[in-house]
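Biologist: Please take one part and look at it closely: the contact between the chains. Keep it connected, and give me the cut-offs as you go.

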Amino acid sequence: MHFEVQYNPAHSLATAHLSPGESVRAEASAMVSMSPSLTVETNTGPQGRGGFFTKAKRGLLGGESFFQNVFRASGKAGHVCLAPRLCGSMVVHELSGQRDLLIQGSSYVAAPDSVDINTQFQGFKGFFSGESLFFLKASGTGPVLMNAFGAIEEMELNGEMVVDTGHLVAFESGINYEVTKAAAGWISSFLSGEGLVLRMSGRGKVFIQSRNPSEFGRTVGSLLPARRG
Amino acid sequence: MQFEILDSPDFALLQLRMDTGDEVVAESGAMVAQDGQISVKTNVRGGLMGAAKRKLLGGESLFQNTFVAQADGQRLYLAAPSEGDMQSRDLGPGEEFFLTSGAYVAHIGKELQIDTKFGGVKGFFSGVGLFMLRIVGPGRVFYGSYGALHSVEIGAEGYVVDTGHIVGFTPGLSYKVRPFNGFKGLFFSGEGLVAEFQGEGTVFAQTRDAASLASFLHPFRPVQRGE
């Protein structure tokens, strides 16, 4: 199984090429087109890990769909094309089995069965800012496909760095991190508009996105007619 | 008349250079800018009944604008509503091309026909977003996409495309719409349906779709409380 990413940076499309017997799990709304020979199952992860409640939590907290679709090439080779909802880039990170990758819930798109997507890992919760801070932990070996809102920047952390949580896509395990407020006090932090930041230190890869989906949602959403609660 | 598609692939803009008497027909709302010596006629193509049917079935606007150059070297700029790419296709006499109604931007050629009856009924029962226009040459038709335009050659095996991502296809293909057997979320109508293509030809897909953006934005709408 390998991913091919086209049309970066603004309107990326990823094609997962499957040989006979291979499969890929993809975030539920991502399918654009596919070979008709592929079978599609709705699943909750490899080996059905975790109960329904975990899935519901993932959906609610991660901003991600409740389900993943499993595309399987049984008899013959095939492909499935995947795209995120917003404009922006996609990137593939290759897991070597050494370090895990912590991925912001809404940034995850797809991975093969050789990669375990752990949804039990809850990340950070209980913050009042309204920003959904939910991380998936990808481990194992193989490629992980992620999307960004806007462009994606891959950085080598060596030392310390502060990243706005709305701009964070993923970072490697082994990096020390804590979620803190952007300014000194809670009130000034709230007023600064920066919300929560991730204070990271150590060495490893960090992926950030050049736009913040929640900021965009709030900017446009406030102009739309009200919906019924 | 000469044309060039500028700012492709992300924010395509069609630039036409027209000489006296040259004529371009465009979807209403497509005009971005024009030189002073171009006259504009708003017309109801295919008569009032035809246009009404097109509005109801095709989802595209009732009126189209015809631009006629009154002098040489006049420039006309046209754009599609969403960010993305634009392409054109030159059709010979009697040659067909199929576009989803929202993808049509403009055409050149007085004899070019746009038939909205095609796929109308089938589209009506298959949810929003699959009203196909049958374009018959001679002439050149311009079409736009939300996101990149991704073309796929279809062979004997056939191909499956999410209905919200279809831009158009060449003749030689037939399709039927069915629910996607995986989960795709059914928040907005039109999501969760796929078209299964058979035959030989090319399908053009767009890499983003409007329903997905709408479903992203929906939770950010203000909430109406009480009455």
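Modeller: The contact takes 35 residues from chain B and 34 residues from chain A. Here, two residues are in contact if their C-beta atoms, placed from the backbone, lie within 7 Å. On the side of chain B that touches chain A, the elements giving two or more residues are β14 (149-154), β15 (159-162), α3 (210-217) and β20 (223-224) of chain B. Helices (H or I, at least four residues) and strands (E, at least two) are DSSP runs, numbered from the N terminus. That side of chain B divides into 14 nonpolar, twelve polar and nine charged residues. Ala, Val, Leu, Ile, Met, Phe, Trp, Tyr, Cys and Pro count as nonpolar; Asp, Glu, Lys and Arg as charged; the others, Gly among them, as polar.

A word on the model. It is predicted: local features need pLDDT of at least 70, side-chain atom pairs count only at pLDDT 80 or more, and totals for chains, interfaces and linings use all residues. Residues are numbered from 1 along each chain as its sequence is written, while chains are lettered from A and ligands numbered from 1 in the order in which they are written.

Take the strands next. Strand β4 (residues 31-34) of chain A runs antiparallel to β15(B), and two bridges join them.

Now the helix. In α3(B), the buried residues are B:A211, B:S212 and B:F216. Buried means that 20 or more other C-beta atoms lie within 10 Å of the residue's own; 12 or fewer makes it exposed, and anything in between partly exposed. Seen down the axis of α3(B), its buried residues fall within an arc of 140 degrees, so they line one face of the helix. The arc is that of the directions from the helix axis to the C-beta atoms. These buried residues pack against α3 (213-221) of chain A.

Then the core. The largest nonpolar core has 106 residues, and those with the most contacts inside it include A:V80, A:M146, B:L99 and B:V105. Such a core is a set of buried Ala, Val, Leu, Ile, Met, Phe, Trp, Tyr and Cys residues joined through C-beta atoms within 7 Å. Strand β12 (residues 135-147) of chain A gives the most to this core, with six residues. B:V105 touches, among others, B:L14, B:A26, B:L78, B:M86 and B:F142, leaving out residues up to four places away in sequence. In soluble globular proteins, nonpolar side chains tend to be buried together.

Last, the chains behind the contact. Chain A has three helices and 17 strands. Chain B has three helices and 20 strands. Of the 229 residues of chain A, 41% count as buried. For chain B, the figure is 41% of 227 residues. Among contacts in chain A between residues at least 6 apart in sequence, 81% join residues at least 24 apart. In chain B, residues 24 or more positions apart account for 79% of the contacts with a separation of 6 or more.

Terms used: Two strands pair if DSSP finds at least two bridges between them.
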